[in-house]
Amino acid sequence: MKLLRRTPLGLALLTFAACDPPPTTVAVEAPAAAPFSASGGDALRYTLSFPEAGAHMIDVSAELPTGGEAQLTLFMAVWTPGSYLVREYSRHVEGVQATGPDGAPLTVTKTSKNRWVVNTQGLDAVQVRYRVYARELGVQTNFVDPEIAVLNGAPTFLSVVGRGDSPHTVKLNLPAAWASCETGLDAHADGQPCHFAAASYDELVDSPILLGNPTVLPFEVMGVPHRLVIAGDQGLWDMDRAVKDVQRVVEEQAGFWGGLPYDHYLFLTVADEGSGGLEHLDSTLLLTSRWRGADDEEWKDFLGLVSHELFHAWNVKRLRPVGLGPFDYEQEVYTESLWVAEGLTAYYDDLLLVRAGLITESDYLTRLSRAINASMTPPGRKVRSVALSSFDAWIRHYRADEHSTNSAVNYYSKGTAVGFVLDMEIRRATGGARSLDDMMRLLWARHHAGAGYTPADVRAAASEVAGEDLGPLFDQIVDGTAELPLERALDWAGLKLPEPEEEVDAWLGVNTNESGGRLTISTIVRDGPAWTQGLSVGDELLAIDGLRASADVLNRVMKTKEPGEALTVVLARRGVVKTVELTLAPRPFDAWTLSVDRGAVGPAVNHREAWLGLP
Ligand SMILES: [Zn+2]
């Protein structure tokens, strides 16, 4: 399916953003101990203020109905859905206090790292106040200073155990210098500025908030309103290009899936020095370098991020593995399918850019080569399957160390490579009539409204679309650690790898760090010469073949060597100097650089053009 150009480019450039409704008034500071209504229904009502934004503090006041309970158990999430690491957000919470409607204090007892119990004294509602320290600008964390606030739900809102399905409302009291509050949350029915309502705690947590003075660029696709919000760009971004290209990404994805799954969508972009993105139901939070807007090549990487997070509006936010929802916000949840949720999203993010005409075929092959190289090179690919690497995300992907490359595989890059292999296999099996696109749409049709898909559902959908049993391939490359059958996939698409070099370099199998005049081993490649012949991570290299060690000397000495020759290393380990003699090995193949096979015959050319959506 190709372009959707049903709506004109509604390019309106606002120098400040509007809340919905517009921010006609802004409060300056948090009210002190304002009385509150004890009869506010079952909604949990939060007010956020920023009287000490320069000290990175968020002041939170919450009016919480008790439901007649004698005790109210408050909790703060320990992680954010979409980012699989326990981050212990409660470490930034301070000064939790509770009062009744008359301002009289209630007893608050801390019962675990992230829970507090309020003695309600039989009141219908209590007011809880606390402060959150916010100086970590990330897609899962909070940041506040006098210019901007980037707020995420999980590290901000203490909610009540057992009340996840109750409405949660948020009132934002902005400092006078801030004009805008941007979030995917719906405006509160009372119409007050910067007052929002969430149907549940899930929805609250799934809706990041950006406050300050960003540029807001509204546009429509298929009649659905979108807003591209950009803060921090320092005038370096071409806003016309930004909105035009992002709109093009949305159109391509709407065409891919056959419609849009939301009734409004928000791209919250902080363009300063960060990187990363996180998907949400009706929005995404993007952190990027402001320089990406000033460089045509880097701009393509930003569009890749936009495409990735938008694709998640289908793949993972609505079409999700069982296990990723409903969430337990206080402990880890598990799935073997992050290679689908993240890896196949990564496969499609750049593929849809080339189909949309936003990057070239050559740009795309460079990006695909990068992912294939990252999945075919690390020794960890032989140790841990992409399914198990998904399951272990909490303790491996998000806690990488010097041994990670030897012990696991990245489910983003391996998932991309598996996606490519599956795509070509389905196309081959059906003579080009069907593809991985059809598998994604079949999974969507079957599972987006239900409890989620299992690994077996993905296998079944792939085999059904291919018209043959792909189970053995899944056994090998998803649940197993077999090498990817890349040449077969490349052959179908008329692509090739570089010819093997006649002379292979000598190889030691280490990476090093040089700092303060010291050269230290940072990584040792499993089964390489350094691994098998006595070098260790942390060794400080003092001399190499009798020359004082530096990164430059190591590099130059290695260039003089052939595989099979000796190398003498003098090193310091735990304060003791040693000499180690090694025999160098041939460098393993690590040039997974795809290019178009100009010698390929007609069908392969047609296959490639169909796959990439080339005219
Ligand atoms: Zn992702």
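Which residues does Trp339 touch, not counting residues up to four places away in sequence? Select Trp339 and display its surroundings: the residues touched are Leu344, Val386, Ser390, Tyr411, Gly415, Val418, Leu422, Val458, Phe474 and Val478, where contact means heavy atoms within 4.5 Å.

Before going further, note that this is a predicted model, in which local features need pLDDT of at least 70 and side-chain atom pairs count only at pLDDT 80 or more, while totals for chains, interfaces and linings use all residues. Residues are numbered from 1 along each chain as its sequence is written, and side-chain values use heavy atoms, with hydrogens and water left out.

Colour the chain by pLDDT, the predictor's confidence in each residue, from 0 to 100. The protein chain averages 93, and 93% of the residues score at least 70. Over residues 1-35, however, the pLDDT is below 50, although this stretch has 85 contacts in the model beyond near neighbours in sequence. Where pLDDT is low, the predicted coordinates should not be read in detail.

Next, select Phe267, Trp339, Tyr364, Phe420, Met439 and Trp611, which touch the most other members of the largest nonpolar core, a set of 101 residues. Such a core consists of buried Ala, Val, Leu, Ile, Met, Phe, Trp, Tyr and Cys residues joined through side-chain atoms within 4.5 Å; buried means under 20% relative accessible area, exposed over 50%, and partly exposed in between, with a 1.4 Å probe and protein chains only. Helix H4 (residues 338-355) gives the most to this core, with eleven residues; helices (H or I, at least four residues) and strands (E, at least two) are DSSP runs, numbered from the N terminus. A second, separate core of 48 residues can be found by selecting some of its members, including Leu72, Val93, Tyr130 and Leu204.

Now move to the loop between helix H3 (296-311) and H4, where Pro326 is found. A cis peptide bond joins Gly325 and Pro326, with omega about -10 degrees. In the loop between H3 and H4, also select Ser337, which is buried, with a relative accessible area of 2%, and which touches Pro321, Ser390, Tyr453 and Pro455, not counting residues up to four places away in sequence.

Gln121, in the loop between strand E7 (115-119) and strand E8 (125-133), has a phi near 50 degrees, a positive value in a residue other than glycine, and is exposed, at 56% relative accessible area. Met222, in the loop between strand E17 (215-221) and strand E18 (224-231), likewise has a phi near 50 degrees, but counts as partly exposed at 27% relative accessibility.

Finish at Ser362 in helix H5 (residues 361-376), partly exposed at 49% relative accessibility. Drawing a C-alpha to C-alpha distance from Ser362 to Ala456 spans 35 Å in space, for 94 residues in sequence.
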